Amino acid sequence: MPVAWTPDEMPDQTGRTAVVTGASSGLGLVAAERLAARGATVIMAVRDEAKGERVRAGLTGDLLVRRLDLADLDSVRAFADRLRAEDRPVDLLLNNAGVGGAHGPERSAQGYESIVATNHLGHFALTGLLLDRFRPDRDPRVVTVGSGFYRLLSDGPDLDDLTGIPAGPPIVRYIRSKQANLLFGVELDRRLRQAGSPVRSLLAHPGMARTPMQANADGPAAWIVTRIGGAVLARSAASGTIPLLYAATAPAAESGVFLGPALHRWDHRVHARPLVRPATDPALARRLWAVSQTATGVRYLDDAAQPSPRP
């Protein structure tokens, strides 16, 4: 059943520390502001630190700006090392930042295709590097932001060559990166459960929300989807953030489902929908995990190191 929930119902976040990627604009900015308003210490992980500081100056609450370029694995490691040096715990990681391919380089700093590098590989590495910072008694959660567009392509992400630039428009690469986000979130949940970890992995999406990424859509296919479709279906960033915050804080939020809004923008309830292929392909999820570990050099929650699954 859909849940009528608003950020005003968010539990008190005092004492919790949240890391929000892409927190200087769009969904990430709204999420950071809402979490801080409920008492959380929010680490605003942003690519442009100067812009992040300007944004933070207009907010109230305990918010800290830290540089993070998800397309550069050295930056991801530096971000995690800085939090470790500051002895900062983590209770919530909101893997929100994303790019759609507009006006940017086609390869990341390490030579990977830039959209999958930013949207998936950077978040995969960040999650692994921060996992031992999570406190077991503070309702620890990892929320990964996907997209309902993942259903538009029947096959999953291309895992054969992450350094190549696949044929097709950027929106196709974007959809495949969002498929990777969902496969990662599901596999992370499985491995955390298998390890007996208190950390939970949840998946959420904003529907079609008006954010800078939609405004910068690149190519005719993306223009049709985001501009024309957005004129009919797009909701505000504040509305689109509701499922993300629900996944991040609501006691009733579930793992293993896709938390998001209805298609109609006037319906603000949170819907928990079953995932469908390719997000439910366990063999593809395991392969993605192995490929991501090799690509990033970040290994965690290896099956061989874990006890047998609980019956």
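R299 and D302 are joined through their side chains by a salt bridge, with 3.4 Å from N to O; a salt bridge is here a side-chain nitrogen of Lys or Arg within 4 Å of a carboxyl oxygen of Asp or Glu. Salt bridges with shared partners also connect E49, R66, R82, E86 and R88 into one network. The model is predicted, so local features need pLDDT of at least 70 and side-chain atom pairs count only at pLDDT 80 or more, while totals for chains, interfaces and linings use all residues. Residues are numbered from 1 along each chain as its sequence is written, and side-chain values use heavy atoms, with hydrogens and water left out.

**Salt bridges**

| Pair | N to O distance |
|---|---|
| R299 and D302 | 3.4 Å |
| R269 and D267 | 3.0 Å |
| D8 and R34 | 3.8 Å |

D8 and R34 form a salt bridge. This pair links distant parts of the chain, 26 residues apart: D8 lies in the segment before β1 (17-21), and R34 in helix α1. Side chains of opposite charge can pair when their charged atoms come close.

Accessibility is classed as buried under 20% relative accessible area, exposed over 50%, and partly exposed in between, with a 1.4 Å probe and protein chains only. D8 is exposed at 64%, whereas R34 is partly exposed at 34%. R269 is partly exposed at 37%, and D267 is buried at 13%. R299 counts as exposed at 56%, and D302 as partly exposed at 23%.

**Helix α1**

Helices (H or I, at least four residues) and strands (E, at least two) are DSSP runs numbered from the N terminus. The buried residues of α1 are G26, L27, G28, V30, A31, A32, L35 and A36. After α1 comes G39, which has a positive phi near 105 degrees.

**Positive surface patch**

A patch of positive charge on the surface is made up of R47, K51, R54 and R67. Patch residues have over 30% relative accessible area and no salt bridge, and like charges are joined within 9 Å. R67 belongs to strand β3 (residues 63-67) and is partly exposed, with a relative accessible area of 41%.

Terms used
Patches are made of residues with over 30% relative accessible area and no salt bridge: like charges are joined within 9 Å, nonpolar side chains (Val, Leu, Ile, Met, Phe, Trp, Tyr) within 5 Å. Accessible areas come from the Shrake-Rupley method with a 1.4 Å probe; for residues, only the protein chains shown count as cover. Lys and Arg count as positive and Asp and Glu as negative; His and the chain ends are not counted. The place of a charge is taken as NZ of Lys, CZ of Arg, CG of Asp or CD of Glu.
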